[in-house]
Amino acid sequence: MKQSDPFQILSPAERWAPSKSQFEASNDEYEKLLPPLIYKIRRAVSQWREEGYSAVSETSKNLLEFWFNCDHPVKDGKQFRFYFAQREAIESIIYLYEVAGARDKYELMKFDSSQRISTGMFEENWTRYVVKMATGAGKTKVMGLTLIWSYFHKLYEENSQLSQNFLVIAPNIIVLNRLLKDFEGLKMFREEPFIPDNGYGGRDWQNDFQPTLHIQDDLKPVSESGNIFITNIHRVFLNENPEQTVETIFLGIKPKPDADVSKGMDLGKVLRSDKIHDIVVLNDEAHHIHDTDLAWYKSLEDIDNKLKLKSGSGMSLQADFSATPRHNNGAIFVQTISDYPLVEAVRQRVVKTPVLPDEASRQKIHEKESNDFIERYHDYIQLGYLEWEKQYQELRNLKIPILFIMTMNTKEADVCAEYLQQNFPLLKNSVLTIHTNKSGNISENTSQKRDKEELEKLRKAADDIDSDQSPYKAVVSVLMLREGWDVRNVTTIVGLRPFKADSKILPEQAIGRGLRKMFSLTDEEKLVVVGTPAFLEFVESLKTEGVEFEYSPMGKGTKGKTPLIIEVDKGNEHKDLDALDIPLPQMSPRIYREYKNLNEIDINTFQNKKVPLKTFNDEELKEIIFTDIEGNFSHKTIFKDTVPDYRNVIGFFTTNILKESRLISGFNILYPKVEGFVKYKLFTKEVSLSDAQTLRNLSEAEAKHILYETFKTAINNLTVSDRGTAEVRDFISLKNTKPKISDNRPFLIPKKSVFNKIIGDNDFELEFAAALENKFSDVTAFAKNTIGDGGVNFKMEYQAGDGIIREYYPDFFVKTKPGTFFLVETKGREDLEDVRKIKRLQIWCSDVNKVQKEYTYTPVYVKQEMWDKRKNDIKSFDGVCKIFEVK
């Protein structure tokens, strides 16, 4: 399976599509695999993206450039970026609404590539887009992007048909509570880069975003500056709250077809009142409302009609979001305009990889002929527990993995929960049971007050099961918990329900509660799925949608399916961690930038090569190509009858120069210098910046190269300085290292390290680590410098060949006796950057040894070519130093 990261842009040609035989299948089969509009929309959006979002409003272009082409702040050691799936979804919405003008069924049908749909399949008479995104791909953020786009488009664009009023719909309490975590206090919009800073594009974005948030029936005065109504589905049309049961909490209510939509609650009245003249509907988990007979659909239709009477136009937009927007027959909603299927989410490591028992493991377990539930399904429960226990033993110091078992009825759920607690000590008092009977009550003999208390307790327990304070390690459920229960810690699913192909439950829903990842996107995680043959066959039907399963031996004596955990080996009584510890000095930066020096850049002193000014014809003048400082394509702008504003072009170059120079400020200082350079110094003669010929010349490779390189050199000469010395700020103790999550890879279990495992980034590193552990008796302790989330992350700054200050991470730390330490770099093929890194390592060790006398640090540089020649002759680490010590 080809892996990629979740930020990588996928071209239409790279996307998953049904096989030729599936394309030639019946209409029913085709409609279950690929939305009919997707192929043409993807191609159009991809081309539009490559052209730099042409033919779109200034507001939309500003937002798209800010979201996807700007560096965002670092939080918790990571730079925020939107997933490709999120990017493509909002791009598709904006493209269809603004560029293609596809705001009704007739315009949308122009994108049909199946020739199998008709206008009668589009029930609504308003603009409706459906976004299909796999579980865990971040639908809520796309809802947020849609909201921000509509809000500012309405505010800044004359005659905008969008709205600053939003109805955000949840199908049940669990989904509502999840949405509130992001929307309450507008937290998501303020803490993550949804809204540009004031001044971006000449607008006061942050100051202008002042909507009023209304939660359920807690209605505040309707604001002229925008309103966000976030609510459960029934608040829009019912005149009283339905009875809360386990089903309504976890699955939501199913509105009655004959519900009286005219009697709505207060929220319903507000939405239909004269105070609201336009609205955008954002519908989470949209597969609940596909039936036009449902009161939900009729309520939207009623709101749309009343808006038409008041303002002449109906709802601005309905945007639906779901991992499974399907009708009961499995066909995908024809309104689907963006599709990020589970197969791509697995490949981009957005979700866990499903792992099923291999054939040999399946042959060892059987369903017994017995009326006793435990006897009948004992093998499957036992296998699920064994797989979960291996995960628990590996992960318990970081996260508590959850075992999730699905049964047929409440009696079986109770029996199963009791069996788990009585027979597996790890699960004693740690099993959460979620089920319902016909009345929906927890217990038939409790009072109504007691029921409500138990239901609230159950809801909170389910909602908090990922927290470190949760007492639960297993969940037994009759219900599928189809959506909204967005837990990350489910690592094993046991299916004891005989699902069928025509079940109202979809295969993706059957495993969906276990797909969300616990750890970093860079680490591959596994979801173990076991169960009856009927259940596994049902899950494996996802193969028709491109999902690739891993098959692995399971049961007693087999390896676990968790990622590797590299952590301090605190539970190992045979290790003296104090003796194995290696203190690592934290030095003050020796190489640094002096940002204020930007003022000293004088373009009149530049000795750059001058570029001859070319003359372009009318057709060539229409196209300007933007690339970053590395020459990578950024975007292309095509102009038909207008000349672009030169200030935007100069601003683009200035931003890229600052970005590549790792400068987070200085735009206002550098911009006039770039402007002056282009006007007076770049070309063989002075040019007019507003002339189309000048701007077209700036698209040429030579002009861009000289512009970038001249400023990069000038900035580095002025801003990068070497203090000539450094001081020790603190010492890092390896004993305090946070656990590191790693992909499954070869490792060794060391006796000479504070860590439980040693991994290598390649075979050479692992071979060298094995020599430190097993061959060199004069090594008393060593460790690998693990990098990323968790890990040691020991680094030092150095000036790279391009003049930029970058970070260098040595490979190993070695101790031979108290106070004597070595920093080791291993290298296969050497390049010029490696020479710079080793020189910096040598200077770093010299600085440390000068400013303190308690420890000595020595640089060692082991080249693989020489190692392969001499390794059989090297008997000790002292022998390594005699050959490879840096002097």
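Setting aside neighbours within four places in sequence, serine 361 is in contact (heavy atoms within 4.5 Å) with Ser552, Pro553 and Met554. This is a predicted model, where local features need pLDDT of at least 70, side-chain atom pairs count only at pLDDT 80 or more, and totals for chains, interfaces and linings use all residues. Residues are numbered from 1 along each chain as its sequence is written, and side-chain values use heavy atoms, with hydrogens and water left out.

Serine 361 belongs to helix α15; helices (H or I, at least four residues) and strands (E, at least two) are DSSP runs, numbered from the N terminus. Serine 361 counts as buried because its relative accessibility is 4%; buried means under 20% relative accessible area, exposed over 50%, and partly exposed in between (1.4 Å probe, protein chains only). Between the C-alpha atoms of serine 361 and serine 552 there are 8.1 Å, although 191 residues part them along the chain.

Aspartate 358 sits in the loop between β10 (353-357) and α15 (359-363). Apart from neighbours within four places in sequence, aspartate 358 is in contact with Tyr551, Ser552 and Pro553. What about its charge? Aspartate 358 is buried yet has no salt bridge, and arginine 362, the nearest side chain of opposite charge, is 6.9 Å away. Here a salt bridge is a side-chain nitrogen of Lys or Arg within 4 Å of a carboxyl oxygen of Asp or Glu; Lys and Arg count as positive and Asp and Glu as negative, while His and the chain ends are not counted.

Two helices can be set side by side. The expected span is 1.5 Å times one less than the number of residues.

| Helix | Residues | Length | C-alpha span, first to last | Expected span |
|---|---|---|---|---|
| α24 | 667-681 | 15 residues | 20 Å | 21 Å |
| α27 | 763-775 | 13 residues | 17 Å | 18 Å |

Buried residues of α24 include Leu670, Tyr671, Val674 and Phe677. In α27 the buried residues include Phe764, Glu765, Phe768 and Leu772. At the start of α27, a side-chain oxygen of asparagine 762 comes to within 3.2 Å of the backbone nitrogen of phenylalanine 764.

For contrast, take glycine 202, in the loop between α9 (187-191) and α10 (205-208). Glycine 202 is exposed because its relative accessible area is 69%.

Among contacts between residues at least 6 apart in sequence, 75% join residues at least 24 apart.

Conventions: Polar contact = N/O pair within 3.5 Å; in protein donor to acceptor, adjacent residues only side chain to side chain.
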